[in-house]
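Please look over the sequence and the fold below.

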Amino acid sequence: MKLENLQELTTEGKNESTRNLDQLSARGIVQLMNDEDKKVPYAVERVLDQVSDAVELIVASLEQGGRLFYFGAGTSGRLGILDASECPPTFGTDPELVQGIIAGGPSAMIRAVEGAEDSAELGQEDIRKYGVTKQDVVVGIAASGRTPYVLGVLKEAQAIGARTIAVSCNQPSFINKGVDVAINVVVGPEVLTGSTRLKAGSAQKLVLNMLTTATMIKLGKVYGNLMVNVQATNLKLKERVKRIVMEVTGVGYAEAERLADLAKGDAKTAILMKLTNTSREEAVQLLNLTNGRIREAIQKYS
């Protein structure tokens, strides 16, 4: 298949069940969309082995001081930025640890930058611009699996020795070439022909959710199923910290609030202070010794 033969792509195919879309009632349209959306998690289920392989690769790199980069154009780029931007508030990570880059730069988030996705050279330049090194992991996201910008990104990333992952919604996919892990979530033709912000976008979002969430769990930023690394940057999150402390330690609200204040809003520190009967400084030291892994810190003290 030649690069320009878009009609051969599954994501560009016509969906026979939606041929009369413009003649349907509002209820009929949303019912059809819902019926098609139900196919997405099953498509993701078929690639869970590849997703877990990608998680293991990312964890290994981040443990050695590497970073995770998402690169994409259009919807794919926006989804990468969305997932990356949620990591600091959810897991307390440095904004540099997980980064999302979109073809055409930040302005492309809200307005298409003409021709940006068609430039492999721009992709290569962005790898250099954002300082990607051989320690990092680069995820190229392209629903079509053939976006020139993403092809350029992955080619340059491989040239410098970075680990690479491809996420697409077509099989075969051009962006699979030479990558360490290829994740191809084939969801079939869209309700609206070629509108990959729909099923393809949903599939990509689910995969990216898994990549970062599973990675952060494996890195010790979660205790049980609790976001113990959450950053208390607003009232809702400050209350969440207190609820987490209450659930883990069994204390009441007032004591959880006291511990949270002493821990300067850090749930892990507050939990350790209570469970190990230590000061804030001692709890912080314990966490530093275990790379922030609270379960290991508790075991080390006991």
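## Helix 11 and its partners

Contact here means heavy atoms within 4.5 Å. The model is a predicted one. With that cut-off, the buried residues of helix 11 pack against helix 10 (267-276) and helix 12 (294-301).

Which residues of helix 11 (residues 280-289) are buried? They are Ala283, Leu286 and Leu287. These residues sit on the same side of helix 11, because they cover an arc of only 95° around the axis. The other side of helix 11 has exposed residues: Glu281, Gln285, Asn288 and Leu289.

Thr290 belongs to the loop between helix 11 and helix 12. Is Thr290 buried or exposed? Thr290 counts as buried because its relative accessibility is 4%, and buried means under 20%. Setting aside neighbours within four places in sequence, Thr290 is in contact with Glu296, Ala297 and Lys300.

Asn291 lies in the loop between helix 11 and helix 12 as well. Asn291 is not a glycine, yet its phi is positive, at about 55°. Its relative accessible area is 64%, so Asn291 is exposed.

## Other backbone details

Lys264 is another residue with a positive phi of about 55° that is not a glycine. Lys264 is found in the loop between helix 9 (253-262) and helix 10. Lys264 is exposed, because its relative accessible area is 65% and the cut-off for exposed is over 50%.

Where is the peptide bond cis? The bond from Gln171 to Pro172 is cis, with omega near 5°. Pro172 lies in the loop between strand 4 (163-168) and strand 5 (181-184).

## The annotated active site

An unreviewed UniProt entry carries the annotation "active site" for Glu86 and Glu117. The two are spread over 32 residues of sequence, and they are also spread in space, up to 24.2 Å between C-alpha atoms. From this set, Glu117 is part of the lining of the largest pocket.

Glu86 is in helix 4 (residues 74-91). Glu86 counts as partly exposed because its relative accessibility is 41%. Glu117 is in the loop between strand 2 (98-102) and helix 5 (120-129). At 36% relative accessibility, Glu117 counts as partly exposed.

## Around Glu117 and Pro148

What does Glu117 touch, leaving aside neighbours within four places in sequence? Its contacts are Ala73, Ala103, Thr147, Pro148 and Tyr149.

Pro148 has its place in helix 6 (residues 148-159). Its relative accessibility is 11%, so Pro148 counts as buried. Leaving aside neighbours within four places in sequence, Pro148 is in contact with Glu117, Asp118, Ser119 and Ala120. Ile110 is 38 residues from Pro148 in sequence, and the two are 21 Å apart in space, C-alpha to C-alpha.

## Two nonpolar cores

In soluble globular proteins, nonpolar side chains tend to be buried together. How many residues does the largest nonpolar core have? The largest nonpolar core has 38 residues. Those with the most contacts inside this core are Tyr70, Ile165, Ile183, Val185 and Leu211. Several elements give two or more residues to the core. Among them are helix 2 (39-45), strand 1 (68-72), strand 3 (137-141) and helix 7 (199-218). Helix 4, strand 4 and strand 5 are also on that list. The largest share, seven residues, comes from helix 3, which spans 48-63.

Back in the largest core, Val185 is one of the residues with the most contacts. Not counting residues up to four places away in sequence, Val185 touches Ala43, Val44, Val47, Ser168, Cys169, Ala203 and Val207.

Notes:
Residues are numbered from 1 along each chain as its sequence is written. This is a predicted model: local features need pLDDT of at least 70, side-chain atom pairs count only at pLDDT 80 or more; totals for chains, interfaces and linings use all residues. Side-chain values use heavy atoms; hydrogens and water are left out. UniProt positions are given in the numbering used here, feature names are shortened, and annotations may be inferred rather than shown by experiment. On a 1 Å grid over the protein atoms alone, a cavity is a set of points where a 1.4 Å probe fits but cannot get out, and a pocket is an open set with protein on both sides within 12 Å along at least five of seven lines; lining residues have an atom within 4 Å of a point. Helices (H or I, at least four residues) and strands (E, at least two) are DSSP runs, numbered from the N terminus. Buried means under 20% relative accessible area, exposed over 50%, partly exposed in between (1.4 Å probe, protein chains only). The arc is that of the directions from the helix axis to the C-beta atoms. A nonpolar core is a set of buried Ala, Val, Leu, Ile, Met, Phe, Trp, Tyr and Cys residues joined through side-chain atoms within 4.5 Å.
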